[in-house]
Amino acid sequence: MVPAEAPEITLDEILAIKHPDPAVWSPDGQWLAWRWDDGGVVQLWVAPAAGGAPLQVSRDSDTSVGGFSWSPEGELAFSHGEHVWLAHPGEAPRRLTAEAGRYGSPRWSPQGDALAYTRAGALLLHDLASGAVRELPMPGQVVAGYADSVSLAWSPGGGKLAAILRDGAHPQRDVAVVSRDGALLWRTDTPANEPAFAWVDDE
């Protein structure tokens, strides 16, 4: 039963409720980053672990942020709108990608020298020093994982990438592993969907 003195809640107030995703620590433990759903538009925010007001990292208020990840040096990479962006907490984002596209799942290499991400299902590797971008051949299109599960991840040593994918010949989702130079090393072969995965070591 609602007390008689309780104020009425309008639809606009309900839509204005912000829904944060689970926060991710920066490698140095100084920051927390998370996506914040504000009325259907998802933005990227950070907050200092020592306390203080949160800061909005993404600046385009009309489109939602997709995936994001921290570099070993504490820089954020995130997909937003039709590009991948880089930003340190408190600084204006810098656009990384030259061509507009449907980008997702940006993932820093453990060494911080490269960024892997998807573009319309293709797996791309972006060398940060040279700016060169190349596509790693995959036996299918990289697809999003279920719920909050990881769909693209580097091996701990940074020499391999694992991804959830789907191809035209197999309706189920598989996990494939490719080397940094693009050689297919392994792929699951089961009739069931592979919902999630995690690296244990480099083997």
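The legends below describe close-up views of a predicted model.

**View 1. The hairpin of β2 and β3.** Strand β2 (residues 24–25) and strand β3 (residues 31–38) run antiparallel and are joined by two bridges. Val24 has Ala33 of β3 as its bridge partner. Five residues lie between the two strands of this hairpin, and Gly29 in the turn has a positive phi of about 75°.

View 2. The hairpin of β3 and β4 has two residues between its strands, and Gly39 takes a positive phi near 65°.

**View 3. The aromatic cluster of Trp34, Trp36 and Trp45.** These three tryptophans form one aromatic cluster. The structure holds three aromatic pairs. In one of them, the ring centres of Trp36 and Trp45 are 5.1 Å apart and the planes meet at 75°; because planes over 60 degrees apart count as edge-to-face, the pair is edge-to-face. Trp36 and Trp45 are both buried.

**View 4. The pair of Tyr103 and Tyr117.** The rings of Tyr103 and Tyr117 form an edge-to-face aromatic pair, with 5.5 Å from centre to centre and 75° between the planes. Tyr103 belongs to strand β10 (residues 103–108) and Tyr117 to strand β11 (residues 114–119), so the pair ties together parts that are 14 residues apart in sequence. Both Tyr103 and Tyr117 are buried.

View 5. His126 is placed in strand β12 (residues 122–127). Its relative accessibility is 6%, and because buried means under 20%, His126 counts as buried. A polar contact of 2.9 Å links the side chain of His126 to the side chain of Tyr117. With neighbours within four places in sequence left aside, His126 is in contact with Leu96, Asp113, Ala114, Leu115, Tyr117, Gly131, Ala132 and Val133. Ala114, Leu115 and Tyr117, which are among these contacts, fall within the residue range of strand β11 (residues 114–119).

Note on methods: Residues are numbered from 1 along each chain as its sequence is written. This is a predicted model: local features need pLDDT of at least 70, side-chain atom pairs count only at pLDDT 80 or more; totals for chains, interfaces and linings use all residues. Side-chain values use heavy atoms; hydrogens and water are left out. Helices (H or I, at least four residues) and strands (E, at least two) are DSSP runs, numbered from the N terminus. Buried means under 20% relative accessible area, exposed over 50%, partly exposed in between (1.4 Å probe, protein chains only). A polar contact is a pair of N or O atoms within 3.5 Å; within protein, one must be able to donate a hydrogen and the other to accept it, and residues adjacent in sequence count only if both atoms are side-chain atoms. Contact means heavy atoms within 4.5 Å. Two strands pair if DSSP finds at least two bridges between them. Rings of Phe, Tyr and Trp (its six-membered ring) pair if their centres lie within 6.5 Å; planes under 30 degrees apart count as stacked, over 60 as edge-to-face and the rest as tilted.
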